[in-house]
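User: I have the sequence and the model open side by side. Let's go through the labels and test each one against its cut-off.

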Amino acid sequence: MLFNNNLYVFLALAVAFLISFAATPMVISLAHKINAIDVPKDARRVHTKPIPLIGGLAIFYGFIVSVLCFATIDRETMGILIGSVIIVTVGVIDDMMDMKAIVKLLCQIVAAAVVVYSGVRIEHFANPFSGWFGPPYIVMNYWISVAITMFWIVGVCNAVNLIDGLDGLAVGVSSIASMSLLALTLISNNSNVAILTAAVAGAGFGFLPYNFNPAKIFMGDTGALFLGFILACISVQGFLKLSALISFAVPILVLGLPIFDTMFAIIRRLLTGRSPMSPDRGHLHHRLLDMGFSQKKTVAILYTMTAALCLTAVVISIKGYMRGLLLIFAVLLIILVSLRLMGELKDPAQHSDYINDLSAMEEKNDEQN
């Protein structure tokens with residue numbers, strides 16, 4: 001039985017990958033026919049020529065076919081699928097005609113409500129201070145549980161959408177996160193959630209070759225909202241529903257990059273007297289570009305950060321908090337030092353001064369000898 005479940009997980013990943021990869025050229029053609037094209041019109045956009053949108057349709061198609069083939073369609077899974085259809089529909093309309101932000105938010109709330117109604121809810125709240133006071137777990141009443149779950153789903157949905165600013169960034173980060181969630185669901189023997197997660201990962205990786213720099217197509221809000229939505233639902237269904245302190249940290253770490261980038265964006269905008277929903281050019285990927293890194297190197301750096309957070313989540317789940325914290329500290333230290341060194345080498349003046357200083361030292365040593 002375990003062998004069959006693992007086989008289904010592998011098949012779900014492979015089928016989603018192949019369908020997404022094969023469907024993307026057709027979606028590119030469709031985007032041109034319905035004029036779903038992203039034309040660069042402000043400083044936030046880093047591309048210089050029109051690029052087809054709605055690439056998320058290929059991701060969704062690969063996901064939905066794989067899930068229908070291999071997953072058990074119970075009440076919770078059905079709720080997630082219906083919510084996904086709502087989100088993808090909203091994304092397609094937004095990519096074609098730019099929906100108002102409030103209308104898009106209301107539609108996301110409706111999709112989240114469908115998922116909650118199906119039974120996917122955060123039912124327990126882990127108390128991180130239970131060693132000093134209070135019980136280890138706090139059972140929430142129904143309406144608080146509903147509100148927190150809907151806030152989580154809508155929040156992650158928009159967080160992934162906000163980091164979709166560079167070729168291959170959002171889909172790559174989401175796919176890496178999906179693989180770590182897949183590993184954790186396999187460890188916990190949660191086979192049905194593992195199939196859903198494998199389908200997301202496979203569909204994301206199948207689309208990535210077309211979206212990596214230089215991108216042939218963008219996934220648009222269709223893909224970004226869908227990936228955020230489905231990852232949020234999977235994290236609730238697979239981890240946040242559990243009565244375990246460690247389960248609360250796992251999805252926050254796995255989705256750490258979009259979550260923290262969104263949090264800082266909201267704080268940054270509020271401190272400058274702007275609406276938290278107003279766009280700007282202060283996201284982490286923008287800052288790395290302003291430091292002089294290319295798109296490919298910026299995306300690689302953010303992939304590495306995501307992988308480090310995901311690996312930390314896996315280590316915490318298996319070995320406990322202390323080893324996980326030590327791991328993330330070591331990896332982030334290496335990343336920060338590497339960024340510092342790379343930033344210095346990118347400054348030609350500093351690099352020239354460095355070479356001149358070395359030459360002067362060598363001449364001085366030669367004279368002394």
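User: Which residues in helix 4 meet helix 5, and which residues do they meet there?

Analyst: Keep in mind that this is a predicted model. From helix 4 come Lys104, Leu105, Gln108, Ile109, Ala112, Ala113, Val115 and Val116. From helix 5 come Val146, Thr149, Met150, Ile153, Val154, Cys157, Asn158 and Asn161. By class, that contact has eleven nonpolar residues, four polar and one charged.

User: What makes helix 2 roughly antiparallel to helix 7?

Analyst: Helix 2 (residues 56-70) and helix 7 (residues 191-211) cross at roughly 150°, with axes that come within 8 Å. The cut-off is over 145, so helix 2 counts as roughly antiparallel to helix 7. This crossing is right-handed.

User: Which residues form the contact of helix 2 with helix 7?

Analyst: Helix 2 supplies Ile59, Gly62, Phe63, Ser66, Val67 and Phe70. Helix 7 supplies Ile195, Leu196, Ala199, Val200, Ala203, Gly204 and Phe207. The class count is ten nonpolar, three polar and no charged residues.

User: How do you know that helix 2 is roughly antiparallel to helix 3?

Analyst: Same test. Helix 2 and helix 3 pack at about 165°, and their axes are 11 Å apart. That angle is over 145, so helix 2 is roughly antiparallel to helix 3. Here the crossing is left-handed.

User: What does helix 2 bring to helix 3, and what does it meet?

Analyst: Helix 2 brings Leu57, Phe60, Phe63, Ile64, Val67 and Leu68. They meet Thr77, Leu81, Ser84, Val85, Val88 and Val92 in helix 3. Ten of the contact residues are nonpolar, two are polar and none is charged. As for burial, the buried residues of helix 2 include Phe60, Phe63, Ile64 and Val67.

User: Why is Gly79 called buried?

Analyst: Gly79 is found in helix 3. Its relative accessible area is 4%, and buried means under 20%, so the label holds. Gly79 touches Val114, Val115 and Ser118, leaving aside residues up to four places away in sequence. Its C-alpha is 9.2 Å from that of Ala112, 33 residues apart along the chain.

User: What makes Thr185 count as buried?

Analyst: Its relative accessibility is 0%, and the cut-off is under 20%, so Thr185 is buried. Thr185 lies in helix 6 (residues 169-187). The C-alpha atoms of Thr185 and Ile195 are separated by 9.2 Å, at ten residues apart along the chain.

User: Why is Asp98 called exposed?

Analyst: Exposed means over 50%, and Asp98 has a relative accessible area of 54%, so it qualifies. Asp98 sits in the loop between helix 3 and helix 4. Its phi is positive, about 55°, although Asp98 is not a glycine.

User: How do you know that Asn35 is exposed?

Analyst: The value for Asn35 is 57%, which is over 50%, so Asn35 is exposed too. Asn35 lies in the loop between helix 1 (2-33) and strand 1 (37-38). Asn35 is not a glycine, yet it has a positive phi of about 60°.

User: What makes the bond between Asn213 and Pro214 a cis peptide bond?

Analyst: Omega is about 0° for the bond that joins Asn213 and Pro214. Pro214 is found in the loop between helix 7 and helix 8 (220-240).

Terms used:
Residues numbered from 1 in each chain as written. Predicted model: local features only at pLDDT ≥ 70, side-chain atom pairs only at ≥ 80, totals over all residues. Heavy atoms only, no water. Axes fitted to C-alpha atoms, helices over the stretch in contact; angles between N-to-C directions. Helix = DSSP H or I, 4+ residues; strand = E, 2+ residues; numbered from the N terminus. Parallel < 35°, antiparallel > 145°, perpendicular 65-115°, else oblique. Left-handed = near helix turned anticlockwise from the far one by under 90°. Contact = heavy atoms within 4.5 Å. Nonpolar A, V, L, I, M, F, W, Y, C, P; charged D, E, K, R; others polar. Buried < 20%, exposed > 50% of the residue type's maximum accessible area, 1.4 Å probe, protein only.
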